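Thanks for coming, everyone. Let's take a quick walk through one structure. Have a look at it first.

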Amino acid sequence: MFLAGDAAHIHYPAGGQGQNLGVQDAVNLGWKLAATLHGNASDELLDTYETERHPIAARVLHNTRAQTALSRSGPHTDALRDIMSNLIDTDQVRHRLGLMITALDIRYDTKADHPLAGRRVPDADLTTKGGDTRVHTLLRSGRPVLLILGGNDVPAIPQWHDRVDIVTAESRTDRWTIPGIGDIPAPAAALLRPDGYIAWAADEPTTAGLTEALTTWVGAPA
């Protein structure tokens with residue numbers, strides 16, 4: 001049995017965090033269930049739903065409890081609200097709280113070393129042979145995407161061709177903006193999970209670590 005959304009966590013509703021949390025639960029679990037039912041993944045892939053999403057849910061419950069505490073009446077809470085208001089006037093504090101409440105600072109442990117690995121892929125503008133598009137448009141198929149940028153060679157991965165969409169494109173900006181990090185150079189290649197998180201990336205034309213990432217997130221080679 002897998003629990004998602006309000007079946008897994010109910011809490012203070014202000015700010016829409018529960019809706020965001022529930023949608024991300026469903027998207028995280030959906031593609032993993034589909035891959036397993038199609039025989040393309042092992043039970044270990046389903047186990048990552050718990051390891052990835054449970055800490056995120058626990059964090060939301062933790063910060064909504066804090067919000068509830070701030071809404072109480074009384075001189076002690078009034079003093080706490082005043083202190084929090086002063087802290088939120090600080091750019092660094094406001095930025096950190098914003099990332100937490102919007103869940104844009106999530107980074108899953110994908111076992112890859114690149115700074116993009118485990119983070120949500122930005123919706124960067126791309127140019128392909130078929131015309132202009134955006135990164136998130138590539139995810140509409142619900143399949144993993146191996147995105148090759150900058151005219152680099154496409155890796156030979158015939159064992160996964162039936163399960164991975166391979167897209168060659170040019171990024172219309174040399175740098176990608178990553179919440180919580182800032183601008184970093186666009187990668188030479190990236191393996192995108194169906195939920196929009198980056199399983200593997202490389203800055204140079206290399207396949208180091210790609211086979212391991214494909215096996216973990218897409219399934220064993222055919």
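In what order do the elements of the protein run from the N terminus on? The answer is α-α-α-α-β-β-β-β-β-β-β-β-α. That gives five helices and eight strands. Helices here are DSSP runs of H or I with at least four residues, strands are runs of E with at least two, and both are numbered from the N terminus.

A word on the source. This is a predicted model, where local features need pLDDT of at least 70, side-chain atom pairs count only at pLDDT 80 or more, and totals for chains, interfaces and linings use all residues. Residues are numbered from 1 along each chain as its sequence is written, and side-chain values use heavy atoms, with hydrogens and water left out.

Now the overall dimensions. Along the principal axes, the C-alpha atoms fill a box of roughly 65 × 40 × 30 Å. The protein has 222 residues, and 38% of them are buried. Buried means under 20% relative accessible area, exposed means over 50%, and partly exposed is in between, using a 1.4 Å probe and protein chains only.

Next, contacts, meaning heavy atoms within 4.5 Å. Take those between residues at least 6 apart in sequence: 53% join residues at least 24 apart.

Finally, one residue. Where does Asp47 lie? Asp47 sits in helix α2, which covers residues 43-70. Is Asp47 buried or partly exposed? Asp47 is partly exposed, as its relative accessible area is 48%.

That's the tour. Over to you.
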